[in-house]
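Subject: Structure handover

Hi,

Here is the structure I promised you. Please have it open while you read; my notes follow below.

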Amino acid sequence: MNKPLRRIAIFCGLLVLALLIRDNWIQYVKADELRTDTKNRRVSIERYASPRGDIIVGGDPITGHATTTSGDFKYKRTYKDGPMWAPVTGFVSQAFGANQLENLEDGILSGNDDRLFFRNTLDMLTGKKKEGGNVVTTLNAAAQKAAYNGLKKQGGKGAVVALEPSTGKILALSSYPSYDPSSIAGNSSKDAEAWKKLDKKNNPDDPMLNRALRETYPPGSTFKVLTAAAALEDGLYTDADQKTKSPLPWTMPGTTTQLKNEGNIPCENATLRTALQYSCNTVFGKIGSDLGNEKMLAEAKKFGFTEEQFTPVRSSASVFSDNMNPSQTALSSIGQFNTAATPLQMAMVASAVANNGTLMKPYMVDELQAPNLDTIEKTDPEEMSKPMSAENAQILQSMMETVVDKGTGTNAKIDGVKVGGKTGTAQHGVDNSENPYAWFISYAKGDDGSSPVAVAVVIEDDNAVRDDISGGGLAAPIARNVMEAVIDSKK
């Protein structure tokens, strides 16, 4: 080969090599970036070219699909009872993306998960259209309906979380006000207008806020359950009917401020049982101050405070501070100062007590299914922590049951069922100027002593008459209905 031809051949070879390197760079190095690029319309077209799999509750889908009549996208998502289930499903939208389960489990639902690779390859060879898999939840439809209807009837804002104490399964997860994810599932001007109306800037009720997982509230007197647990675990008190060292009045350490109780109630040197029954601020404030910030914080962390929870949807971290002085610790120990908790967190507190001191990790996805319903992944219950010994948990159960039998929580009574609970009315606003939050946490026990359900309810009602707001009055009836729904569904 003469010299000019050799040069041409080398040059052509270099061009081919450059093309191969560029092709491999695009296919392997840049593939994910190009695939997820928002400007890559082919990805979106492919995503909506086939129906998504379903989110399942109790064997029935709470999602569906519809054929679009215009544009490049063939299918869009639909939802059954969308506002009721929105805190569980989230949304998937041709225009606005996705969140919550629709986003976290998108690979399975869209059929693009790597675990479906061999099935998708086989379907491609046989000419079968790609299908999405299913997400099977732990939710109880009857409990969710009771929770949502209860909040809707109340008319304000609020949330409900129900757990199965022995496993951590989430049985109900409700937030109100809510929204219909179907209204924003498409890519039309109508969907854009619906999205605009849901935006917090235009809607102060913020219906897209998942109050069950993302909002933290001062827990008020429901936190006294955790303070009682700390007292028992530390050995400060060892029996529900042991008198406490609780003078009345009691001045918080380092201040001239007396901690007040609500009304004329028997709190002086009251037993733990009586103090929880009547919700004595002085008793539990002094317990927190006596134990100190470090011990109270340690117990709060055992129940899940200070850390985000993943269900798999993320839940905000609940707050119990460190570096507090004794008077701040006292206020925090009755659920005030800057203590704040999500409804999920307070359901976890009730659940751990009901489960004899063992806290199970909360979760809402039971299993992931392939399009042919084969199980791809199954969630196993996982112990998260042990905040209390079984003996101390049973002492606390007896105290919480007294609250429902003859204390502030009588509205949660269920005929033939042992119920334990704790009310809370949490201060809100500067100098308690705004309507307080109404709380109730509870559990129900079966004849065998096991607990099928623990519940937390919080109500924020700006329009209610202030004197009518109480955990026992507003929140306890909703908790009762949710517990009844779970119990009835197991019969």
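Start with helix 10, residues 224-234. Nine of its 11 residues are buried, so the rest of the structure largely encloses this helix. The buried ones are K224, V225, L226, T227, A228, A229, A230, A231 and L232. Just after helix 10 comes G235, with a positive phi of about 85°.

Please keep in mind that this is a predicted model. Mean pLDDT for the protein is 90, and 90% of the residues reach 70 or more. Two stretches need care. Over residues 428-433, pLDDT stays under 50, and the model has nine contacts there beyond four places in sequence. Over residues 462-469, pLDDT also stays under 50, and the model has 17 such contacts. Where pLDDT is low, the predicted coordinates should not be read in detail.

Now the cysteines. The structure holds one disulfide. C267 and C280 form it, with their sulfur atoms 2.1 Å apart. The torsion about the S-S bond of C267 and C280 is about -85°, so this disulfide is left-handed. The pair links distant parts of the chain, 13 residues apart. C267 sits in the loop between strand 11 (258-259) and helix 11 (272-278). C280 sits in the loop between helix 11 and helix 12 (281-291). Both C267 and C280 are buried. If you plan to look at C12 as well, its relative accessibility is 39%, so C12 counts as partly exposed.

Next, the overall picture. The protein has 491 residues, and 53% of them are buried. Its secondary structure comes to 17 helices and 20 strands. The C-alpha trace spans about 105 × 50 × 45 Å along its principal axes. Of the contacts with a separation of 6 or more, 68% are between residues 24 or more positions apart.

Last, surface and charge. The protein exposes about 22600 Å², and carbon and sulfur atoms supply 50% of that area. There are 54 positive and 58 negative side chains in the protein. The centres of these two sets lie 6 Å apart.

Best wishes

How values were computed: Residues numbered from 1 in each chain as written. Predicted model: local features only at pLDDT ≥ 70, side-chain atom pairs only at ≥ 80, totals over all residues. Heavy atoms only, no water. Helix = DSSP H or I, 4+ residues; strand = E, 2+ residues; numbered from the N terminus. Buried < 20%, exposed > 50% of the residue type's maximum accessible area, 1.4 Å probe, protein only. Contact = heavy atoms within 4.5 Å. Areas by Shrake-Rupley, 256 points an atom, 1.4 Å probe, with all protein chains shown as cover. Lys, Arg positive; Asp, Glu negative; His and termini not counted. Charge placed at Lys NZ, Arg CZ, Asp CG, Glu CD. Disulfide = S-S within 2.5 Å. pLDDT = per-residue confidence, 0-100.
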